[in-house]
Amino acid sequence: MTRHYDELETRSADERAADIAAKLPRLIAGAMGAAPGLASHLDGVDPAAVADLNGLAKLPVLRKSDLHAAQKAAPPFGGFARPPGATHHVFQSPGPIYEPGGTGRDWWRMGRSLFAAGIGPGDIVQNCFSYHLTPAGMMFENGAAAVGASVLPAGTGQTELQAQAAADIGVTAYTGTPDYLKVILDKAAELGLDLSRLKKAVVGGGALFPSLRAEYAERGITCLQGYGTADLGSIAYESPGPDGAVEGMVVDEGVLVEVVTPGTGDPVAEGEVGEVVVTTFNLDYPLIRFATGDLSAVLPGESPCGRTNMRIKGWMGRADQTAKVKGMFVRPEQVATLVARHDEVLKARVIVTRSGEQDSMLVRLEATGGDVAAFEASVVAALKLKGAVEVVVPGSLPKDGKVIDDQRSYE
């Protein structure tokens with residue numbers, strides 16, 4: 001019998017619907033009273049009329065661009081969250097967007113995904129998400145505390161030291177981007193270090209490709225992926241059944257998920273691909289119908305693990321051309337900034353592929369001349385990532401409107 005984090009995970013559909021009917025109007029009323037930015041966004045909404053997903057679907061969608069504009073007018077949170085001092089941290093994500101962070105038990109709800117992966121008391125988690133500016137490191141730190149695991153706050157980089165620490169301490173679990181675990185394991189093998197106690201992993205910040213999951217399994221590591229954002233915390237997570245099989249992702253109990261037609265906010269039919277829109281019950285940061293920009297689809301049926309909440313198929317790409325490369329978003333506006341840095345550059349196209357189980361980025365530039373080294377430096381400055389640069393003659397790039405071409409396969 002699969003264990004569960006709490007009794008919420010195994011509720012009947014009727015029990016869950018009754019809970020939503022009671023909580024959703026209170027959430028919206030409370031959020032509109034405490035968050036003036038959200039109140040302005042929901043102007044004219046009657047909270048009592050919003051007691052289920054049908055009522056929720058009538059509310060306007062909130063987008064990152066809305067948050068960005070509100071935060072510029074009323075920093076740091078734009079009236080969408082409790083002010084600094086009421087929460088413990090202020091984080092910065094690309095945009096820039098600023099998010100609050102709390103220290104309460106499982107504040108980002110990451111504990112569920114760690115628990116589903118079998119992580120708990122007695123485990124030592126090597127947390128390789130960044131602790132610098134962005135909240136990912138603290139999100140998993142907080143989740144590990146909720147399940148009673150110890151943490152090695154490793155952050156990113158310094159791979160040799162990471163491998164040595166994992167061996168010395170006897171790390172049993174990993175959290176971080178999917179690719180970086182392989183980098184640590186390969187470095188440990190090169191150095192002759194024993195990481196055989198590392199048996200569990202929960203990854204995020206990028207897609208876990210089937211070939212990489214299979215390689216980890218061959219090394220004796222069960223690797224599961226979670227889906228969340230800096231704004232919302234955990235949205236959904238993988239949970240294996242009794243035979244170890246994984247079918248989609250179970251939606252977290254602290255959010256409501258809708259899948260909508262991109263750009264409209266209208267729910268799509270079950271099984272159709274659309275944009276993931278999330279409402280969170282976090283009263284410190286109560287986002288209502290927040291558009292993630294990610295694509296997914298509702299997966300019918302119930303998880304073999306016994307959890308009864310809605311399931312989604314997982315991350316299926318972006319609703320826009322934004323791509324996540326090595327755990328970092330690359331956005332069309334960043335590509336436009338790159339082009340504007342050089343008079344010789346007429347057009348740019350970022351091509352994302354996979355090489356040796358790692359993300360690879362090629363930046364192809366239409367240019368009339370210029371210095372490739374200067375272009376490479378501008379790629380790092382504008383995109384915040386290193387990538388190969390290829391200069392082509394004007395007119396070479398396809399005229400299809402794409403500036404980011406994600407060629408990775410997610411099958």
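## A walk through the predicted model

Glu-357 sits in the loop that links strand E17 (345-355) to strand E18 (358-367). Strands here are DSSP runs of E with at least two residues, helices are runs of H or I with at least four residues, and both are numbered from the N terminus. This is a predicted model, in which local features need pLDDT of at least 70, side-chain atom pairs count only at pLDDT 80 or more, and totals for chains, interfaces and linings use all residues. Residues are numbered from 1 along each chain as its sequence is written, and side-chain values use heavy atoms, with hydrogens and water left out.

Glu-357 has a positive phi although it is a residue other than glycine. Is Glu-357 buried or exposed? Its relative accessibility is 19%, so it counts as buried; the cut-offs are under 20% relative accessible area for buried, over 50% for exposed and partly exposed in between, with a 1.4 Å probe and protein chains only. Lys-326 also shows a positive phi without being a glycine. Lys-326 belongs to the loop between strand E15 (323-325) and strand E16 (328-330), and at 45% relative accessibility it is partly exposed.

| Residue | Phi |
|---|---|
| Lys-326 | about 50° |
| Glu-357 | near 65° |

One joins Pro-75 and Pro-76, with omega about 0°, and Pro-76 is in the loop between H4 and strand E1 (89-93). Another runs from Gly-95 to Pro-96, with omega near -10°; Pro-96 is in the loop between E1 and strand E2 (97-101).

The largest nonpolar core holds 37 residues, and Leu-24, Ile-28, Leu-42, Leu-59, Leu-67, Val-257 and Ile-288 have the most contacts inside it. Such a core is a set of buried Ala, Val, Leu, Ile, Met, Phe, Trp, Tyr and Cys residues joined through side-chain atoms within 4.5 Å. Among the elements that give two or more residues to this core are helix H1 (13-34), helix H4 (64-73) and strand E10 (255-260). H1 supplies the largest share, six residues. Beyond its neighbours within four places in sequence, Leu-42 is in contact with Ile-28, Met-32, Leu-59, Pro-60 and Ile-288, where contact means heavy atoms within 4.5 Å.

Finally, look at Leu-191 in helix H8 (residues 178-191). Leu-191 is partly exposed, with a relative accessible area of 35%.
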